[in-house]
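Trainee: I'd like to learn how to read packing features in a model. Could you walk me through a few?

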Amino acid sequence: MDTPQAPIDADAATTADAAALLQRLGSSRDGLSQAQAAERLQRFGPNALPQPHDSLVRKLLHYFWGPIPWMIEAAAVLSALVRHWPDFGIIVALLLFNAAVGFWQEYKAASALDALKQQLALRCRALRDGRWSELAPPALVPGDIVRVRLGDIVPADIKLLDGDGLDVDQSALTGESLPVQRGAGEVIYSGSIAKRGDMTGVVYATGSNTYLGRTAELVNKAGAASHFQKAVLGIGDYLIYISLGLVALLVLVELHRGLPWIDLLQFALILTVASIPVAMPAVLSVTMALGALALSKDKAIVARLESIEEMAAVDVLCSDKTGTLTVNHLTLGEPLLLGAPDADGLNLHAALASQADNGDAIDDAIHAARPQLPAGWTLRHFMPFDPVGKRSEASWTDAEGAPLQCSKGAPQVMLDLAAVDDATRARTQAWIDAQAARGMRTLGVASRRGDGAWTLDGVLALFDPPRADSAQTIADARGHGIAVKMVTGDNLAIAREIGGQLGIGRNIVAADAVFGAAAPHGSELAARVAAADGFAQVFPEHKFGIVKALQDAGHRVAMTGDGVNDAPALKQADVGIAVSGATDAARAAAALILTAPGLSTIVKAVEEARRIFERMNSYAVYRITETIRIMIFVVLAMLVYNFYPITAVMIILLAFFNDVPIMTIAYDRTAVDPAPVRWDMRRVLTVSTVMGVTGTAGSFLMLWLALDWLHLPIAKVQTYIFLKMAVAGHLTLFVSRTRGAYWKRPYPAPVMIWSAVATKVAATLLCVWGFGLVAPIGWGEIALVWGYSIVWSLLTDTAKRAVYRHLDHTSPRHLRFLGLLKHEVLRH
């Protein structure tokens, strides 16, 4: 077959008939060979949009351009003008250090996100070498024969060839609010979503040649700022305004006192740089990205980084039953025989209404019981399972040429399809209830010959046992302040039986009873939904209503889903979770994508999200504390004593020594909060203000001791203050990272400890030998400053714990968690 020489546009693909288009594409209905595909991939490139990439030089130069670099560069120029060459060298070193750290942190964050994108990559099915293979969409080439079915995101621009039609959601491409119907001979575009049907087609355009080329955008919002990031960045802006205001006051007063303006301006610039949270964006992005990478190792892939904050706050988890609470490995039990002569005949009709190659657990169980279909039978038409209609159907011709239609689906649907009499309905329902009481799922099977009426052949019993870890995981979730509600399409009796076995509770209600025509609205509906242990006989539209009602009741909700019709509920939920094996459409709508079955993966994800949240919360507390501790002390000391308590070079060195350990906070060990956590500005500001004021008082006391008790010269006083602020700064980091005593568990990560030790040792040796940068002091004086700093850190830690105790007994979050625990204890 010839290779197409140029891309084919949508108009040409639409107007050409299938045979002509296949010929033009150098393909056939048997697909391409691997060799042909490789040659075309070389010619046309991967099926993906080109991504813009900045050069390394451009990225590096970015760190020398902006308000913060400008201030550092201005300080360097002023140092050169007054010929303070040691200052100039240190300032330039700070500029290079900030650029190197920023570049490295951005590189690590980008690497983590790239790893996540690789795990989020979609898959598609293509016919290669005569066999259906699963490929990454970028490997598709023009001429590939592909299969698109319910829930798939269309991987390229495709002309449909065979099948009974697709309903395609093109709203992201065309703005059409309703799905459009497409059949053989029509085209569908890359990025649209198959809402119903199953068809094959031929790829005619890939990559940048597609209609809009939306092949791999599951992570297109991975860099969006969360509420937490916005709040912390808002704190950064607040600190900038405070710093600039205090510096302006200092400059005006000291100029009035007659200090040289160049020296004062240089000092003011350096003080401003040291007080502004320069590293904040880098610390936040790395903490989030590395946390998301850690989650992926627990088989939970974060599709949008901002969802980590929402995960940490989740207090209600609405979980699917099948595959999440149960093993999703079905076996057939004893059936109820009605129209079928025996179990083998019933299994045959069920197998005829199934597909062996679609990975569906029910179809796999049926084909395992009836592996061989009769010889000479021909499939004429297959209608795959529809989550709305809740049944599948197939049309066959037997070996004698007689037509036969078979259908399987939810028992209620099959009872209506066969229009059975009241006695049969009552007998069947009683049998279904008896199976449900044993935790068995049921599946109706019906058939008809020619144009005759449908006959209910019987009902299959399928057993899907609970996962071994589900009950313990639900208990663990409850211990974390998360109420688990079961949401299933199964029969009410089955749901209650499984709910009782797993400890969820037996207060399971039918979705129709809650959301039916006579259902309550507003706060009454929210209260009923919140009080239920779960919901049975759920349709996709019910899931959206469940999420909305729980949110109206004040809950942060996580919702699991796997089908294309679950997408609205997954988007509405605070954390939409696509379970293992979910459709592409569900994965695209979800914030968290599971690659392993079971509820334990979700609970682990919540635990890790709370750890990530605590790391960022610790950083916020530390950063505000440090700004208060340094800026307010230095400005007030100069206003009161009329001399520099530390020099500009010392401030730069402090920035060096403090920035290195804080960069390791992304790897810190943190405790898992037993309750859902939310951003609490009042708590952060209160704790950090108390710690900052305590630290400022400690610095003033040290200044008074050095001046009025020890009667030291100014140069040595500055060294005392420098060493005290260096040692206390690292201790403040350890104090801020935990709500309890900072010397107790959880201990800091080794990388945090050793980075702090290394920088403290460097600061100490600098104060001993001076190196022309500080006035040297003796080892006895070093011990005095160290001892003073450690004692004052204990006082700071005591003040911190007192504030937390007060806040814990008055915060709505604390009271809400106690109320949840009381409710769960009384209920169980």
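This is a predicted model: local features need pLDDT of at least 70, side-chain atom pairs count only at pLDDT 80 or more; totals for chains, interfaces and linings use all residues.

Trainee: Which residues is Pro411 in contact with, leaving aside its neighbours within four places in sequence?

Mentor: Contact means heavy atoms within 4.5 Å. On that basis Pro411 touches Ile432, Thr442, Leu443 and Gly444. Pro411 itself sits in helix H14 (residues 411-418); helices here are DSSP runs of H or I with at least four residues, strands are E runs of at least two, and both are numbered from the N terminus.

Trainee: How do I read two packed helices?

Mentor: Two packed helices are described by the angle between their axes and the distance between the axes. The axes are lines fitted to C-alpha atoms, for helices over the stretch in contact, and angles run from 0 to 180 degrees between N-to-C directions. Take helix H24 (residues 648-662) and helix H26 (residues 714-736): their axes lie 10 Å apart, at an angle of about 15 degrees. That makes H24 roughly parallel to H26, a label for angles under 35 degrees; over 145 is roughly antiparallel, 65 to 115 roughly perpendicular, and the rest oblique.

Trainee: Which residues of H24 and H26 meet?

Mentor: Among them are Leu654 and Phe657 in H24, and Phe722 and Met725 in H26.

Trainee: And at what angle do the axes of H25 and H28 cross?

Mentor: Helix H25 (residues 681-709) and helix H28 (residues 779-808) cross at roughly 155 degrees, their axes coming within 10 Å. So H25 is roughly antiparallel to H28.

Trainee: Which residues touch the most other members of the largest nonpolar core?

Mentor: A nonpolar core is a set of buried Ala, Val, Leu, Ile, Met, Phe, Trp, Tyr and Cys residues joined through side-chain atoms within 4.5 Å. Of the 133 residues in the largest one, they are Leu271, Met311, Leu592, Ile646 and Phe722. Helix H23 (residues 600-641) supplies the largest share, 22 residues. Ile646 is in contact with residues including Phe267, Val634 and Phe722.

Terms used:
Residues are numbered from 1 along each chain as its sequence is written. Side-chain values use heavy atoms; hydrogens and water are left out. Buried means under 20% relative accessible area, exposed over 50%, partly exposed in between (1.4 Å probe, protein chains only).
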